[in-house]
Amino acid sequence: MTNLKNAIESILFVAGRPVLLKELEKITSQPKEEVLKAVAKLKSERENSGIVVLEQNQSYLLSTDPVNSSQVKEFLNAELREKLTDAAIETL
């Protein structure tokens, strides 16, 4: 199961979008029950982490922990400001 869990984690990491349970079943060639067990274990391991597994309508996504949203937002805003010229910021 560890290999399956690791494979699912890697898939969710690179996907950048919610991945359907059916997609995970197909790509891992594992039955639904095994995929669900592996996802549950992954979610459990990520529970106290800055990266969590979100689930909605049998699709899964790696995301930052909502608890850290203000820090993540501040970081992203600062990064965006560095990339924009003063004229572009003024226009916005």
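**Opening question**

Does Asn-57 count as buried or exposed? With a relative accessibility of 67%, Asn-57 counts as exposed, because the threshold for that class is over 50%.

**Overall organisation and confidence**

The protein contains 5 helices and 3 strands. Read from the N terminus, these elements follow the order α-β-α-α-β-β-α-α. Of the 92 residues in the protein, 22% are buried. Contacts between residues at least 6 apart in sequence include 48% that join residues at least 24 apart.

The average pLDDT of the protein is 88, and 85% of the residues reach at least 70. Confidence is highest in S1, at 98, and lowest in helix H5 (residues 86-91), where the mean is 57. Where pLDDT is low, predicted coordinates should not be read in detail.

**The three-stranded sheet**

The strands form an open sheet of 3 strands in the order S1-S3-S2, and the pairing is antiparallel. S1 and S2 are the edge strands, each of them pairing on one side only.

The antiparallel pairing of S1 with S3 extends over 2 bridges, and within this part of the sheet Val-19 stands opposite Tyr-60 of S3. Strand S2 (residues 51-56) is joined to S3 over 6 bridges, also in the antiparallel sense. Here Ile-51 is placed opposite Thr-64 of S3. As a general point, side chains in a regular strand alternate between the two faces of the sheet.

S2 and S3 form a hairpin with 2 residues between the strands.

Most residues other than glycine have a negative phi. As to solvent exposure, Asn-57 is exposed at 67% relative accessibility, whereas Gln-58 is partly exposed, its relative accessible area being 41%.

**Helix H2 and its two faces**

Helix H2 spans residues 21-28, and its buried residues are Leu-21, Leu-24, Glu-25 and Thr-28. Viewed down the axis of H2, these residues fall within an arc of 100 degrees, so they line one face of the helix. Lys-22, Lys-26 and Ile-27 are exposed and sit on the face of H2 turned away from the buried side.

The cover over the buried residues of H2 includes helix H1 (2-15), strand S1 (19-20), helix H3 (32-45) and strand S3 (59-64). Just after H2, Ser-29 adopts a positive phi of about 55 degrees.

What is the angle at which H1 and H3 pack? The angle is about 75 degrees, and the axes of the two helices are 9 Å apart. H1 is therefore roughly perpendicular to H3, a description that applies to angles of 65 to 115 degrees. On the H1 side, the contact is made by Leu-4, Lys-5, Ile-8, Glu-9 and Leu-12. On the H3 side, the contributing residues are Glu-34, Val-35, Ala-38, Val-39, Lys-41, Leu-42 and Glu-45.

H2 and H3 pack at an angle of about 105 degrees, with their axes 9 Å apart. H2 and H3 are therefore roughly perpendicular to each other. In this contact, Leu-21, Leu-24, Glu-25 and Thr-28 of H2 meet Lys-32, Val-35, Leu-36 and Val-39 of H3. The H2 residues named here are buried. Val-35 and Val-39 of H3 take part in the contact with H1 and also in the contact with H2.

Definitions and conventions: Residues are numbered from 1 along each chain as its sequence is written. This is a predicted model: local features need pLDDT of at least 70, side-chain atom pairs count only at pLDDT 80 or more; totals for chains, interfaces and linings use all residues. Side-chain values use heavy atoms; hydrogens and water are left out. Buried means under 20% relative accessible area, exposed over 50%, partly exposed in between (1.4 Å probe, protein chains only). Helices (H or I, at least four residues) and strands (E, at least two) are DSSP runs, numbered from the N terminus. The arc is that of the directions from the helix axis to the C-beta atoms. Contact means heavy atoms within 4.5 Å. Two strands pair if DSSP finds at least two bridges between them. pLDDT is the predictor's confidence in each residue, from 0 to 100. Axes are lines fitted to C-alpha atoms, for helices over the stretch in contact, and angles run from 0 to 180 degrees between N-to-C directions. Angles under 35 degrees count as roughly parallel, over 145 as roughly antiparallel, 65 to 115 as roughly perpendicular and the rest as oblique.
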